[in-house]
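Please look over the sequence and the model shown below before reading on. The report that follows goes through side chains one group at a time.

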Amino acid sequence: MLISGKMKIGTRIAASLCAVWLGVSFLLGVIAYQTAKTVLVENIKSRVKDCAALAVLSVSGDEHALLQALDDESSPAYQRLFSALQKIGASDKDIKFVYTVRKSGDGSIIFIGDNTESAEDRSHVGDPYTDASPLLVSVSGNLTEAVVEKDVYTDQWGAVLSAYAPI
């Protein structure tokens, strides 16, 4: 109620308390949202990292090392690798691309196996991986445990969060 163009002291206090309550509520909402977002992203990263670490257990390191050239794709070792990569991809609807790479003698990263069904679209043994992420470039050749990208990576195949594990 206004008296001589001024609010009563009780009304001012009530309005001030409401403004403070609304401000604090808004800040708490923002903090809760950011915390939930951070926890969710970290859980997703942990899940992706665990998937990579577990998936690599179905790949034979000895057979993987035998695959050196495109002609090796007709070998039983490659067929077993391809089958294992397809099973990994089929094990979870959220897994899109499953492939193996290695650092070549010249320091570049090359594909070895790829779970893509179509041979035309698949990366083949020895194909260069020209758009490898900075993380993959830095860990390639000396990876000792599973690692996950810091951020979602977007390229011509979509937005993905990648993880890498040593074979």
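## A lysine and its partner

Is Lys45 buried or exposed? Lys45 is buried, with a relative accessible area of 13%, where buried means under 20% relative accessible area, exposed means over 50%, and partly exposed lies in between (1.4 Å probe, protein chains only). This is a predicted model, in which local features need pLDDT of at least 70 and side-chain atom pairs count only at pLDDT 80 or more, while totals for chains, interfaces and linings use all residues. Residues are numbered from 1 along each chain as its sequence is written, and side-chain values use heavy atoms, with hydrogens and water left out.

Lys45 forms a salt bridge with Glu42, and the closest N and O atoms of the pair are 3.9 Å apart; a salt bridge is a side-chain nitrogen of Lys or Arg within 4 Å of a carboxyl oxygen of Asp or Glu. Because Lys45 and Glu42 are three residues apart in helix 1, about one helical turn separates them. Helices (H or I, at least four residues) and strands (E, at least two) are DSSP runs, numbered from the N terminus. Glu42 counts as partly exposed, at 44% relative accessibility.

Side chains of opposite charge can pair when their charged atoms come close. Over the whole structure, a search finds five salt bridges. In one of them, the side chains of Asp92 and Arg47 meet at 2.3 Å, N to O, and this pair links distant parts of the chain, since Asp92 is in the loop between helix 3 and strand 3 while Arg47 is in helix 1, 45 residues apart. Asp92 counts as buried at 16% relative accessibility, whereas Arg47 counts as partly exposed at 42%.

Arg47 also meets Asp94 in a salt bridge (3.4 Å, N to O). Asp94 lies in the loop between helix 3 and strand 3 and Arg47 in helix 1, so this pair ties together parts that are 47 residues apart in sequence. Asp94 is partly exposed, with a relative accessible area of 45%. Salt bridges that share partners join Arg47, Asp92, Lys93 and Asp94 into one network.

## Aromatic pairs

How many aromatic pairs does a search of the whole structure find? The search finds four, counting rings of Phe, Tyr and Trp (its six-membered ring) whose centres lie within 6.5 Å, with planes under 30 degrees apart taken as stacked, over 60 as edge-to-face and the rest as tilted. Tyr78 and Phe82 form a stacked pair, at 6.4 Å centre to centre and with 15 degrees between the planes. These two residues, Tyr78 and Phe82, are four residues apart in helix 3 (residues 76-90), so they are separated by about one helical turn, and both Tyr78 and Phe82 are buried.

The rings of Tyr99 and Tyr129 have their centres 5.7 Å apart and their planes at 90 degrees, so this pair is edge-to-face. Tyr99 belongs to strand 3 (residues 99-103) and Tyr129 to the loop between strand 4 (109-114) and helix 4 (134-139), so the pair ties together parts that are 30 residues apart in sequence. Tyr99 is partly exposed, with a relative accessible area of 23%, while Tyr129 is buried, with 13%. Ring pairs link Tyr99, Phe111 and Tyr129 into a cluster.

## Nonpolar cores

A nonpolar core is a set of buried Ala, Val, Leu, Ile, Met, Phe, Trp, Tyr and Cys residues joined through side-chain atoms within 4.5 Å. The largest nonpolar core has 13 residues, and those with the most contacts inside it are Leu67, Tyr78, Leu81, Leu85, Ile88 and Ile112. Helix 3 and strand 4 are the elements that give two or more residues to this core, and helix 3 gives the most, with six residues. A second, separate core of eight residues includes Phe111, Tyr129, Ala132 and Val139.

Leaving aside its neighbours within four places in sequence, Tyr78 is in contact (heavy atoms within 4.5 Å) with residues including Leu67, Asp72, Ile112 and Arg122.

## A buried serine

Ser140 lies in the loop between helix 4 and strand 5 (147-148), and Ser140 is buried, with a relative accessible area of 8%. Apart from its neighbours within four places in sequence, Ser140 is in contact with Arg102, Lys103 and Ile109.
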